[in-house]
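This report walks a new reader through selected local features of one structure. The sequence and model come next, and the notes follow.

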Amino acid sequence: MCGIVGMVNGHPVARDLVTALGRLEYRGYDSAGVAVAGPGFEVHKVIGGTTELMGKVGNGFAGHAGIGHTRWATHGRAEVRNAHPHVWDGVAVVHNGIIENYHDLRGRMIANGETFESDTDSEVIPHLIAAARKAGAAPMDAVREACTELHGAYAIAVLFQDVPDRVVVARQGSPVMVARGRNVAAVASDPSALSALCDDYAALEDGDLAELSNHGVTIFGRDGQLAQRCWQKVEGAEEEAAAGLFGSFTRAEIAAQPVALRNTDAALAGRAIPQAIADAERLVVVACGSSMYAASTVRPWIEKLTGLPCDLEIASEYRTREAPLSRGTVGILVSQSGETADTMGVMEMLKARNVPIVAVVNVQHSQMARGADLLWPTMAGKEQGVAATKSFTCQMLALIRFGLALGLARGTVTSGTLVAVERELAGLAVVCARAEMLEGQFEAVAERLVREGEALFIGRGSAAALANEGALKLKELSYLRAEAYAAGELKHGPIAMIREGSPVIVCAGAGQHAGKSLANAEEVRARGGYVIALVDDASAAAFAPVADEMIVLPGAGLGTLFAQAVAMQLIAVHAAVVLRHPVDRPRNLAKSVTVE
Ligand code: G6P
């Protein structure tokens, strides 16, 4: 979370900085700011995003070196005084990460007579660097010295008023890339931010420092010696779903699912599994948010195809639980961004215990993708909406493909099963496209949910897991209270919530124990609940007398599941539209969560 950029250029950098920041807004959009130097030293910060910031910097900023930040608040509210860059004594800093010992540092500095403007953890950093400068350290040495006092995670870019032709960068725990182009040296949290300006980039490693100047980029390792890092080509801006026709990127990304699924399938079909992974005796899938729900939804397929037990673990919990790992465990990390801090924490933990790691990741230049023993990519393309949509369905597909490949390597997939699964996978893109065509019906459901102010999602088997994603999507986009339960659990407590008119969305289809869910729908109805059934063709006749509203979805089996996912995405988008919420940038959220 939080995006940082920095640049040294032969001409004024402010507008380029803000343009690059715009491509990092998925990392946070509470506030944004830039500082530029040489000539002059100017700082500007705004509440909100880069559109507001661009309006402010206009053409007025002359500096040829600069840094910028787009924020997701951790310490301190979204106010201008908490926005970055933070400046002290001619040193400006932008920071991504969390400084854990900021309280002690700040106390010491206040006792020293220094003053603070913000509530952030980050503001101690320019104070430390400025103190080192005052004591005579050169810019790079001052940053190095300051870093020895910082505990926690950081990627920082530093601008100096008195040395206005350079930017110093440091990394510990938070991702950051340095990049080079014609007459420009730059830094950014994500190289795609610099695709218009730079030709190649290198990911810094923990403990690295880098200097950007008119001479280019120089990298130093933890030992202070010049370091060689792997330079890669900055890819041109990926083709992005255009929000224009659809009203939001999120809605456009829902429409892009058929293409994303096809691309993912084409990339993974026929891929082989290395022996170290084929020898697995147990699988543990670790993820956060929607990525976890994608995995839990398709777990039955993974288990059936591989014959292996597949545990599911929420990364933030798993990394602190010290769970015993049985011999032959293979870890599967699922992440759109490939940089979620908790999932990365688990990656380190599993590596330390020599567990082979498979990464199901969408951002392929990410640290998670690069550090895995096997990268099993999703090819969803860039997802700009904060809420996961096309990345979610691509993860489901990729995980089933992984189960199939692993099952083939282990000899647990018969030729009949192979043909049947391949046929189902081949049909998913069309099913999603057909589900989208039922948008009017999803819109009507959304209006009802908004009127009632709440929703309960239930299902059985894979539909129970998917119900969690339905509730999550609705919470994220509409901020309505939404819960999900395995339908069989309803009677063990949650049914007490049902009142006259409570909307209950029941997901049911062949392979989802529809008969049993029907009985649960009856129980809801008997208590005055309003049953909205998302069913397949085969279950429609049975649900017709029970459901207050029924949407018959395309597809069967696996296809139903994907159609239900699309249905839930569209219900959530429309609820947000009715409530006039920003669909792409829901309040309080960020797409990439690089703090614990
Ligand atoms: C954030 C996003 C979610 C996402 C979760 C996990 O909370 O807003 O959409 O599911 O992080 O992110 P990852 O990149 O690891 O899939």
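In which helix is the place of serine 391? Serine 391 has its place in helix H13. The model shown here is predicted.

With a relative accessible area of 1%, serine 391 is buried, because buried means under 20% relative accessible area. Its side chain makes a polar contact with the side chain of glutamate 383, at 2.9 Å.

## The aromatic pair

A search of the whole structure finds one aromatic pair. The partners are tryptophan 376 and phenylalanine 402, arranged edge-to-face, with 5.6 Å from centre to centre and 80° between the planes. Tryptophan 376 belongs to the loop between strand S19 (374-375) and helix H13 (390-410), while phenylalanine 402 is in helix H13, so the pair ties together parts that are 26 residues apart in sequence.

Are the two partners buried or exposed? Tryptophan 376 counts as buried, at 0% relative accessibility. Phenylalanine 402 is also buried, at 0% relative accessibility.

## Charges over rings

Arginine 180 lies over the face of tryptophan 231, and the distance to the ring centre is 3.5 Å. In another case, the charged end of arginine 448 sits over the ring of tyrosine 530, at 3.6 Å from its centre.

## The ligand and its shell

How many residues surround the ligand? There are 14 of them, and the closest are Ser291, Ser335, Gln336, Ser337 and Thr340. By type, the shell divides into five nonpolar, seven polar and two charged residues. Helix H9 (residues 289-306) gives the most to this shell, with three residues.

Several polar atoms of the protein lie by oxygen atoms of the ligand. For serine 290, a polar backbone atom is 2.9 Å from an oxygen atom of the ligand. For glutamine 336, a polar backbone atom is 2.7 Å from an oxygen atom of the ligand. Threonine 340 instead has a polar side-chain atom 2.5 Å from an oxygen atom of the ligand. Taken alone, the ligand exposes 390 Å², and the protein buries 89% of that.

## Valine 217

Valine 217 is part of strand S13 (residues 216-220). At 16% relative accessibility, valine 217 counts as buried. Valine 217 and histidine 75 are 142 residues apart along the chain, and their C-alpha atoms are separated by 31 Å.

## Backbone details

Which peptide bonds are cis? Proline 39 lies in the loop between strand S2 (31-37) and strand S3 (41-47). Another is the bond from histidine 84 to proline 85, again with omega near 0°. Proline 85 is in the loop between strand S4 (65-71) and strand S5 (86-88).

Two asparagines have a positive phi. Asparagine 354, although not a glycine, has a phi of about 60°. It is found in the loop between helix H11 (341-352) and strand S18 (357-361), and it is exposed, with a relative accessible area of 70%. Asparagine 588, also not a glycine, has a positive phi of about 70°. The place of asparagine 588 is in the segment after helix H19 (558-578), and asparagine 588 counts as exposed at 57% relative accessibility.

Notes: Residues numbered from 1 in each chain as written. Heavy atoms only, no water. Phe/Tyr/Trp six-rings, centres within 6.5 Å; stacked < 30°, edge-to-face > 60°. Helix = DSSP H or I, 4+ residues; strand = E, 2+ residues; numbered from the N terminus. Buried < 20%, exposed > 50% of the residue type's maximum accessible area, 1.4 Å probe, protein only. Lys NZ or Arg CZ within 6 Å of the ring centre and 35° of its normal. Near = heavy atom within 4 Å. Polar contact = N/O pair within 3.5 Å; in protein donor to acceptor, adjacent residues only side chain to side chain. Areas by Shrake-Rupley, 256 points an atom, 1.4 Å probe, with all protein chains shown as cover. Nonpolar A, V, L, I, M, F, W, Y, C, P; charged D, E, K, R; others polar.
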